[in-house]
Amino acid sequence: MLTQEEMKRAAAEVSLSYVRPGMVLGLGTGSTARHVLEGVARLVREGADLRGVPTSLATAEAAKLLGIPLTSLEEHPELDLAIDGADEVDPALNLIKGMGGALFREKIVAAAAKTFIVVVDGSKVVRRLGTQAPVPVEVHPFGWRTAIRPLETLGGSPELRKRDGEPVRTDNGNYLLDTRFNGIRSPAKLAAAISSIPVVVEHGLFLGMADLALVGTADGVKTMRPSRRP
Ligand code: 5RP
């Protein structure tokens, strides 16, 4: 019986088969993306000419320690391939991301990539978004409370993410409102409505962005392609 960690690692290993020499990669954030980083570092050690754009300060630090050459969107506004984890994946490959707090940079990097591959274990696959994970909403600290009522009006239950009693700050210095919806009927409508709240910087609904999901399960790694788009 594989552990959850082994399923994550297995999905990450399969994602490496999409990496080609010379590629500029988007490097994701989180425990599954960490397995991808280790695999990319191995390819670099074996002589592959690869560079990565990190989606968080933590990933930048880990990539440096692992010896992965880093670059930026300044130098490479178009990336060949981004590989990242997710908190939920639905059959259309719409995602909830951001429980690791890096959704803002993750979304920019995924959007900049010609191909975006998601790596998860089977526990992240859902029939409907919002049934397991909250939608993290990144808000500017100035006036963050003004987002509470609009998010509630949209059917959400926002909660300020805290660590040791203090609001968590993202790499961009912002706060996060983890907002539970208990099942999202129309992800596209909700995404547009959240984006229209003035203090919102970005949110964790990644719609129509993923090309492929690699899902580590007890029976091996399954490949999901989008069934339909919203
Ligand atoms: C970070 C993310 C992560 O990709 C997501 O939280 C999944 O993390 P893990 O692979 O550790 O379960 O979106 O902002």
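Guide: A cavity is a set of points, on a 1 Å grid over the protein atoms alone, where a 1.4 Å probe fits but cannot get out; lining residues have an atom within 4 Å of a point. Grid points are joined across faces, edges and corners, and a volume is the space filled by probe spheres set on the points. This is a predicted model, in which local features need pLDDT of at least 70, side-chain atom pairs count only at pLDDT 80 or more, and totals for chains, interfaces and linings use all residues. Residues are numbered from 1 along each chain as its sequence is written, and side-chain values use heavy atoms, with hydrogens and water left out.

Visitor: How much space lies in the second largest cavity?

Guide: Thr 55, Ser 56 and Arg 105 are among the residues that line this second largest cavity. Domain 1 (4–127 + 207–224) and domain 2 (135–203) each supply at least three lining residues, the bounds coming from an automatic or database domain assignment. The space in the second largest cavity is about 30 Å³.

Visitor: Which elements give two or more residues to the lining of the largest cavity?

Guide: The largest cavity holds about 40 Å³ of space. Its lining includes Gly 26, Ala 82, Glu 106 and Phe 116. Elements here are DSSP runs numbered from the N terminus, helices (H or I) of at least four residues and strands (E) of at least two. Those giving two or more residues to the lining are strand E1 (24–27), E3 and H4.

How values were computed: On a 1 Å grid over the protein atoms alone, a cavity is a set of points where a 1.4 Å probe fits but cannot get out, and a pocket is an open set with protein on both sides within 12 Å along at least five of seven lines; lining residues have an atom within 4 Å of a point.
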